[in-house]
Amino acid sequence: MRPKIKRISAALNKDLYEKLKKAANKEDKAVSEVLRDAINLYLTVKSYEVDIKDVELYSNFIASGENVIVDTETWITILGEINRCASDLFWENIRQIGREQGAEFKVKGIKNLRDVLEFLEAKKLYTLKLENNVYTLILTARPEQRFLKEFILGLCEELGIKVEIVEGVRKLVIAEIK
């Protein structure tokens with residue numbers, strides 16, 4: 001016996017309807033089935049209290065193949081070991097990776113410090129606090145400090161943003177120098 005289906009009506013603009021039709025054709029499904037899947041996914045995401053924009057951003061991170069998901073304890077352990085024995089060359093490489101990320105941000109049109117730090121916050125590297133044009137990055141653990149400091153310094157160099165970074169116990173305080 002088929003489950004009872006309630007009919008609803010939805011108004012879509014032409015662009016959204018075409019995307020929906022294209023997805024249905026690609027998956028060899030009816031448009032209504034894809035729409036039900038989309039609604040179900042939206043409601044599932046909302047039940048986790050995750051912002052839809054974050055899901056879009058995380059999907060981009062995963063799809064690019066340039067990011068790795070690592071649990072926090074593993075991340076802290078890796079950084080602790082790196083901090084213990086990393087060479088100056090390692091830290092210069094981290095700064096260079098920051099410069100490369102800065103070049104990518106330029107291409108994407110992300111050029112100011114606030115947008116950069118908010119974008120990186122989405123990677124869950126820190127929690128960002130802004131007060132009186134001073135950015136405080138609240139870190140998960142102290143071993144992240146040097147890594148993030150070098151990375152952000154390289155990124156800001158590439159974007160032409162002059163910053164001063166002060167290290168706290170488990171935070172970095174960043175002030176833009178005008």
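Author: Buried means under 20% relative accessible area. The model discussed here is predicted.

Reader: Why is Arg99 called buried?

Author: Its relative accessibility is 17%, and buried means under 20%, so Arg99 counts as buried.

Reader: What makes Glu157 and Arg99 a salt bridge?

Author: The side chains of Glu157 and Arg99 meet at 2.9 Å, N to O. A salt bridge requires such a nitrogen and oxygen within 4 Å, so the pair qualifies. Glu157 lies in helix H7 and Arg99 in helix H5 (residues 88-108), so the pair ties together parts that are 58 residues apart in sequence.

Reader: Is Glu150 buried or exposed, and how do you know?

Author: Glu150 has a relative accessible area of 10%. The limit for buried is under 20%, so Glu150 is buried. Glu150 is found in helix H7 (residues 144-159), and beyond its neighbours within four places in sequence it is in contact with Trp91, Ile94 and Arg95.

Reader: What makes Glu150 and Arg146 a salt bridge?

Author: Their closest N and O atoms are 3.4 Å apart, and the cut-off is within 4 Å, so the pair meets the rule. Glu150 and Arg146 are four residues apart in helix H7, separated by about one helical turn. Salt bridges that share partners join Glu92, Arg95, Arg99, Arg146, Glu150 and Glu157 into one network.

Reader: Why is Lys19 called exposed?

Author: Lys19 has 53% relative accessibility, and exposed means over 50%, so Lys19 counts as exposed. Asp15, at 48%, counts as partly exposed. Asp15 forms a salt bridge with Lys19, the closest N and O atoms being 3.7 Å apart.

Definitions and conventions. Residues are numbered from 1 along each chain as its sequence is written. This is a predicted model: local features need pLDDT of at least 70, side-chain atom pairs count only at pLDDT 80 or more; totals for chains, interfaces and linings use all residues. Side-chain values use heavy atoms; hydrogens and water are left out. Helices (H or I, at least four residues) and strands (E, at least two) are DSSP runs, numbered from the N terminus. Contact means heavy atoms within 4.5 Å. Buried means under 20% relative accessible area, exposed over 50%, partly exposed in between (1.4 Å probe, protein chains only).
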